[in-house]
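Please open the structure in a viewer and keep the selection tool at hand. The stops below are arranged as a tour, each beginning with a selection.

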Amino acid sequence: MKRIFLVEDDKEIAKNLALLLRTEGFNVTHASSQSEAISVLDGNRFDLALVDISLPDGNGFTVCTEIKQAQNIPVIFLTASGDEASVVTGLNMGADDYIIKPFRPRELTARIRTALRKYGHSPAAFEMCDLHVDTASGVVKKGGREVFLSALEYRLLLIFINNPNVIITRDRLLDELWDAAGEFVNNNTLTVYIKRLREKIENDPGNPQIILTVRGTGYRLGGSYVSE
């Protein structure tokens, strides 16, 4: 379970954010001030930090610096201001992204997963049912012949490769693909992309062995695979 460090002084916002993130399967630790955040950092490890820029005893920029010195994790700033100077300052301080309040829950979770993915470690190579994926070069081969996937189809395939033992819901796939290729993806188009991907990588698209359907829930990667 990924650990999120939430630094937010507004109690109501913090409560709602923590509830949302826990519903999404994250473990959340909350601090409401700069001093508390720095104290919590001592002896705790996290996978990502959400940091409000405006804090009662300082600012999120200082917290970001402390986090980056202590741990190599992504930091996303939360700000009520669209002020360009604040955004630029935050990014120059080492932040990985920022999101302006108010924001949609789905947008926040998509940004979080994107940031975690960039810091994650994908297998260097993947093989299953005569399919070979070299994630370093982005080359996909089926039966020794290169298969050409669209950016979104390739991202979809990577989601399954990076989550080999997990049932992935349709909602999660929509969140993951939200910013992948600049294309609008909804439930209907997701079905189309799954079908197109299967047609390119499965031996028998009508009886898939790589991307399996879990009825009423979503999809999962097939059983026998090799990763390096």
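This is a predicted model: local features need pLDDT of at least 70, side-chain atom pairs count only at pLDDT 80 or more; totals for chains, interfaces and linings use all residues.

How are helix 2 and helix 3 oriented to each other, roughly parallel or roughly antiparallel?

**First stop: a pair of helices**

Select residues 34–41, which form helix 2, and residues 60–70, which form helix 3. Their axes come within 10 Å and cross at roughly 5°. Angles under 35 degrees count as roughly parallel, and helix 2 and helix 3 are therefore roughly parallel to each other. To display the contact, show the side chains of Gln34, Ala37, Ile38 and Leu41 on helix 2, together with Thr62, Val63, Glu66 and Ile67 on helix 3. Sorted by class, this contact of helix 2 with helix 3 contains five nonpolar residues, two polar residues and one charged residue.

Next, turn to the open sheet of five strands, whose order is 2-1-3-6-7 and whose pairing is parallel. At its edges are strand 2 (27–31) and strand 7 (97–100), each of which pairs on one side only. On average, neighbouring strands of this sheet are turned by 20° against each other, direction ignored. Select strand 6 (residues 75–79) with strand 7: four bridges pair them in the parallel sense. Within this pair, Phe77 stands opposite Tyr98 of strand 7. Helix 2 returns to view here, as it packs on the sheet and touches strand 1 (3–7) and strand 2. The direction of helix 2 makes about 135° with that of strand 2.

Select Leu50, located in strand 3 (residues 48–52). Is Leu50 buried or exposed? Its relative accessible area is 0%, so Leu50 is buried. Beyond residues up to four places away in sequence, Leu50 touches Ile4, Phe5, Leu6, Val7, Leu21, Ile76, Leu78, Leu108 and Ile112. One of these contacts, Ile76, lies 26 residues from Leu50 along the chain, with 5.0 Å between the two C-alpha atoms.

Move to Arg145, found in strand 11 (residues 145–147). Arg145 has 67% relative accessibility and therefore counts as exposed.

Now select the open sheet of three strands, with order 12-14-13 and antiparallel pairing. Strand 12 (168–169) and strand 13 (211–214) stand at the edges with a single partner strand each, so one side of each has no neighbour in the sheet. Strand 13 and strand 14 (residues 218–221) run antiparallel and are joined by four bridges. Leu212 has Arg220 in strand 14 as its bridge partner. Helix 6 lies across strand 12, strand 13 and strand 14, and runs at about 65° to strand 14. Helix 8 (residues 187–201) packs on the sheet, where it touches strand 13 and strand 14, and its direction makes about 140° with that of strand 13.

Remain with helix 6 (residues 151–162) and select Glu153 within it. Glu153 counts as buried because its relative accessibility is 3%, the cut-off being under 20%. What does the side chain of Glu153 reach at 2.9 Å? The answer is the backbone nitrogen of Ser150. Neighbours within four places in sequence aside, Glu153 is in contact with Phe148, Tyr193, Arg196, Leu197 and Lys200.

How values were computed. Residues are numbered from 1 along each chain as its sequence is written. Side-chain values use heavy atoms; hydrogens and water are left out. Helices (H or I, at least four residues) and strands (E, at least two) are DSSP runs, numbered from the N terminus. Buried means under 20% relative accessible area, exposed over 50%, partly exposed in between (1.4 Å probe, protein chains only). A polar contact is a pair of N or O atoms within 3.5 Å; within protein, one must be able to donate a hydrogen and the other to accept it, and residues adjacent in sequence count only if both atoms are side-chain atoms. Contact means heavy atoms within 4.5 Å. Axes are lines fitted to C-alpha atoms, for helices over the stretch in contact, and angles run from 0 to 180 degrees between N-to-C directions. Angles under 35 degrees count as roughly parallel, over 145 as roughly antiparallel, 65 to 115 as roughly perpendicular and the rest as oblique. Ala, Val, Leu, Ile, Met, Phe, Trp, Tyr, Cys and Pro count as nonpolar, Asp, Glu, Lys and Arg as charged, and the others, Gly among them, as polar. Two strands pair if DSSP finds at least two bridges between them.
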